[in-house]
Amino acid sequence: MTEISIAAASTVTGADLPAARLGQRFGRLDLQSQLALLAVASLNVNFDGLPRDRTGICLAASAGSLSTDVNFWNGRHAVGGPSPTLFAYTLPSAAVGEVAIHFRLTGPNLCFVGDDKIILPEAADLLRRGEADACVCIYCDVVTADCSKIISLPPAAMARAFFLKNGGGGICTLPEFDRDMKALSAIIFQTKSAG
Amino acid sequence: MREPEVVIAGCGVISAVGCGVGPLRTALQNNASGLRASEKFSAPRFLSNIVGPAPRNPDDDNPAWFLAAEALQQARANAGRALATIPAEKTGLILSTTKANIEALERISAGRPCSETARRHLRADLLAADLAAAHGARGPVQTVSTACVSGLVAISQAAKTIQRGDADAVLVVGVDCLSEFVVAGFTALKALDPQGCRPFDQDRSGLSPGEAGAAVVLVRADLCAQPAIKVRAFGGSNDANHLTGPSRDGSGLAQAIRVALSAAKLNPSEIDFVHAHGTGTGYNDAMESLALKTVFGEACPPVSGAKGMLGHTLGAAGVIETICCVLAMENNFLPGTPRLSHAAEGTPPGLVREPRPAARLKNVLKLNTGFGGLNGALILSHD
Amino acid sequence: MQISTHELKSKIIESLKLQDITPEQIDDDAPLFGTGLGLDSIDALELVVLLEKEYGIVIKDIEEGRPAFRSVRTLADFIAVKRPQ
């Protein structure tokens, strides 16, 4: 079986956003899309060397798009009505769309609601099935204070990204047994600082 | 798709044309429309009050659960013989939804009564977990949310789960409900047709929201004794162009179709029928027509769309529209395109206006596209 | 009454959450859509909301707004004419 390796990894939080320089329109994105985009940009992957239609995106969002949903709904009484821009982001796949647009990635997309355990196995499967040669993996944990009051999740503003590709030579190969992004991330960041 | 093969062993549905697969088949054969004016959306702050409501209690605080559970119950009953041989641990569930039980957010914000379960099901992954527990699925559970392509992605994910041996059967359920949230949102985007959607029509001017619960039971082919429709291949892509507007030239959708055809080892000429996404917006239908022209050239197979019948059911769309394809294939007819009056310039010449009998539909292509530039193409096959 | 283009540009920047740009950097006559500032269809809808919220102007049909949205100057002129007194 061909090796699949993790070529890059990143973690970003809300505190990293003010320093982000991702274009004039970055402000229009919702918080989850901003964090997802920043996490992918922080991978420092050069997508130019890859066929764009063979690079996938696989994202999981702990709370779906509920923080933005709450934001949108809270603005429903505004003069002129609720924000059309916000409505466009009331989908967890909006973050996938923004990453695709920014990096011009036209390959297959997967987007889940729930924890991060699903991401790496599904992304690896895309590669093994030959549907993609590489995959941008993203986990978003975004829960605003307003949203936290409504659903039973603590406030959070974090995104983690991995870049998966066929072949070896990355930071580490994808272990068959342990697909926990958080645990992997800890190992990778340990490896990176040691190396 | 890889071996083993995966088939659809049973279906279940509740939508604007009623409860059950029988009423859906009847509606398809009669080119009926379930769209109607709704008091609930008649206030001036909504751009259109023409919607596709399902038969349910309008005061239910958890319509997502109700619609999903109803569809699952029907599908499991219809797949009874195949499912009976498969243990719960080898039965998975995949939920496809964009907004889960968004009704709860509206109630909580308005200070109206809202049960804990209704609130819990605001979170799509918890809705999926509870549906799995209630419907005998102790295998893998996934919650797919890829905008309006969710249903097709969920079906594809179910097939993959079975092919890699993580399950022998997967219950795929798609659900989305009519809500002020969604109608207000599409109003803000000015994407609703005040007269109700008219897919592929020259006077079309927007979509009509609909609600539905739709479920299909996918099983490993060798575990299904009766002949059944195969989930043959899926292709996905992203336009990488704009968040709410499709790529004008349809190239992203064309790419998804080509990926599906390649995975199915089929030529375009082997597709007998295309079931379109056809929302009724200016951009979508034009783009879809272009994509079909790109792939099929002048030899486009018959095409039709169901959103004039059901409305745009968002997370349920891919599943319920796949069921429309299954019904067409099982009953040898081509569905029409309800609410179409005058086809717009550039629409495929094979656009089917009224239903008609068809010779055996061996390979059918189902298309959906969604916000975020997502595209999906599913191929279903008869043996 | 004519509104200042500076004020209008500030409101546009704020409403569309444009980053790293000041009103001085937006030319009065530069195209807003396509080239120039490069706004898109969602921005057009937000500007419709802005017109209602800040100036009390209600645009029923987006086509009505199209000529007005060509540049900051045409938008300012439109507001001066349509604004309820």
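**Close-up views of a predicted model**

View 1. Helices here are DSSP runs of H or I with at least four residues, strands are E runs of at least two, and both are numbered from the N terminus. This is a predicted model, so local features need pLDDT of at least 70 and side-chain atom pairs count only at pLDDT 80 or more, while totals for chains, interfaces and linings use all residues. Residues are numbered from 1 along each chain as its sequence is written, and chains are lettered from A and ligands numbered from 1 in the order in which they are written.

**View 2. The buried side of H4(C).** Now for Val72(C), Leu75(C), Ala76(C) and Phe78(C), the buried residues of this helix, which runs over residues 72–82. They sit on the same side of H4(C) because their arc around the axis is only 160°, taken from the directions from the helix axis to the C-beta atoms. Their packing partner is helix H1 (5–15) of chain C.

**View 3. Chain A meets chain B.** Here 40 residues of chain A are in contact with 40 residues of chain B (contact means C-beta atoms, placed from the backbone, within 7 Å). Among the elements giving two or more residues to chain A's side are helix H2 (66–74) and strand S3 (109–113) of chain A. H4(A) gives the most, with seven residues.

**View 4. Helix H7 of chain B.** Of its 14 residues, 13 are buried, so H7(B) is largely enclosed by the rest of the structure. Just after H7(B), Gly165(B) takes a positive phi of about 85°.

Terms used:
Buried ≥ 20, exposed ≤ 12 C-beta atoms within 10 Å, placed from the backbone. Contact = placed C-beta atoms within 7 Å.
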